[in-house]
Amino acid sequence: MLGMAEFGSSQHCYVFKYSLEKAREPMEEAIPIVEMRNIKKNFGGVQALQGVDLVLHHNEVLGLVGDNAAGKSTLMKILSGAYIPDEGEIFIEGKKAHIANPWDARRQGIEMVYQDLALADNLDVAANVFMGREAVSAKLGPISIMDEHYMGQETQRLLDRLKIDISSVRLKVESLSGGQRQAVAIARATAFNNKVTIMDEPTAALSVAAIDKVLDLVRELKAQGSSIIIISHRLEDIYKVSDRMMVLRHGRKVCDTPVAGDIDDFRERVVAYIVGARDDFAEGVGK
């Protein structure tokens, strides 16, 4: 990952280097891109996470499901550096990682798209994509001059690669639809050669047409080799795009299984895990 200070004009060519240019060896593919082991997190007397394990493989979409306060967002905020776990370990491509803040996560290639999107409405699409990692064309003492042309050009290339339909990268974000705003947030997360993209409720409060476009974007990212974790209450969305689902309940993992069967069977199984009627990891609970 490149920090803000590293964006001199001579280094622009590294920003959007596509991660699949280098073919992975078969042995590397067998190593999970992310592995979280025995993650625990307490907030005062509340046990938000009670020893959760999570595995994400290369080029996989993992659906993370559970009721409110199940621990989904807390687990992902730990992976993205917003929270520090009380116990547990994180491995990125088989190597133990120390993630104490969001910049640590970014350096490991992990980006999270939060539910509020964290976009600047008064800035254009290109400025939002490069926010915090602006490309600089020249420096005059303490003053840096941003390379607007380069950022616009590279943002357009990114939108074209992800098949995102926005008429101009110079449009202010405040003028975009909900689906377009979500697409910009996802594009920003995937722009800098990241390894893992975490999406927190990416289809919440969107129209049906906008939901379909966001799901198409997830499919496109997977087709291009991305590894994705999606938190969602919309089970239909998880069913449509996920390879595997993991269900949390009261801070524990209760299910981890491939997405299979028809939609009605899938919904019935997930709801059973969410309400506690089923628990694949019940043995040893309370010991």
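Reader: Let's start with Thr190: is it buried or exposed?
Author: This is a predicted model, so here's what the computed values say. Thr190 has a relative accessible area of 6%, and the cut-off for buried is under 20%. That makes Thr190 buried.

Reader: Which residues is Thr190 in contact with, leaving aside its neighbours within four places in sequence?
Author: Thr190 sits in helix α6. Once the sequence neighbours within four places are set aside, its contacts are Leu158, Arg161, Leu162, Thr197 and Leu221.

Reader: Which residues of α7 do the α6 residues meet?
Author: On the α6 side you've got Gly179, Gln182, Ala183, Ile186 and Thr190. By class, this contact has six nonpolar, three polar and no charged residues. The partners those α6 residues meet in α7 are Ala210, Val214, Leu217 and Leu221.

Reader: And are those helices, α6 and α7, roughly parallel or roughly antiparallel?
Author: Their axes, for residues 178–190 and 208–223, come within 9 Å and cross at roughly 15°. The crossing is right-handed. Angles under 35 degrees count as roughly parallel, so α6 and α7 are roughly parallel.

Reader: Staying on α7, what is the relative accessible area of Glu220?
Author: Glu220 lies in α7. Anything under 20% counts as buried, and Glu220 is buried because its relative accessible area is 16%.

Reader: How far apart are the C-alpha atoms of Glu220 and Arg161?
Author: Ignoring neighbours within four places in sequence, Glu220 is in contact with Arg161, Leu162 and Lys163. Arg161 is 59 residues away from Glu220 along the chain. Even so, their C-alpha atoms are separated by 8.9 Å.

Reader: Going back to Ile230, which residues is it in contact with, leaving aside its neighbours within four places in sequence?
Author: Ile230 is among the residues that touch the most other members of the largest core. With those sequence neighbours left out, its contacts are Val61, Leu62, Gly63, Leu64, Met199, Pro202, Val218, Ile238 and Val241.

Reader: Which residues of α2 are buried?
Author: Helix α2 covers residues 72–79 and is mostly covered, with six of its eight residues buried. After the helix comes Gly81, with a positive phi near 90°. The buried residues in α2 are Lys72, Thr74, Leu75, Met76, Ile78 and Leu79.

Reader: What is the phi of Glu201, about?
Author: Most residues other than glycine have a negative phi. Glu201 is in the loop between β9 and α7, and at 9% relative accessibility it counts as buried. Although Glu201 is not a glycine, its phi is positive, at about 50°.

Reader: Is His250 buried or exposed?
Author: His250 lies in the loop between β11 and β12 and has a positive phi of about 55°, although it is not a glycine. Exposed means over 50% relative accessible area. His250 has 51%, so it is exposed.

Note on methods: Residues numbered from 1 in each chain as written. Predicted model: local features only at pLDDT ≥ 70, side-chain atom pairs only at ≥ 80, totals over all residues. Heavy atoms only, no water. Axes fitted to C-alpha atoms, helices over the stretch in contact; angles between N-to-C directions. Helix = DSSP H or I, 4+ residues; strand = E, 2+ residues; numbered from the N terminus. Parallel < 35°, antiparallel > 145°, perpendicular 65-115°, else oblique. Left-handed = near helix turned anticlockwise from the far one by under 90°. Contact = heavy atoms within 4.5 Å. Nonpolar A, V, L, I, M, F, W, Y, C, P; charged D, E, K, R; others polar. Core = buried A, V, L, I, M, F, W, Y, C linked by side-chain atoms within 4.5 Å. Buried < 20%, exposed > 50% of the residue type's maximum accessible area, 1.4 Å probe, protein only.
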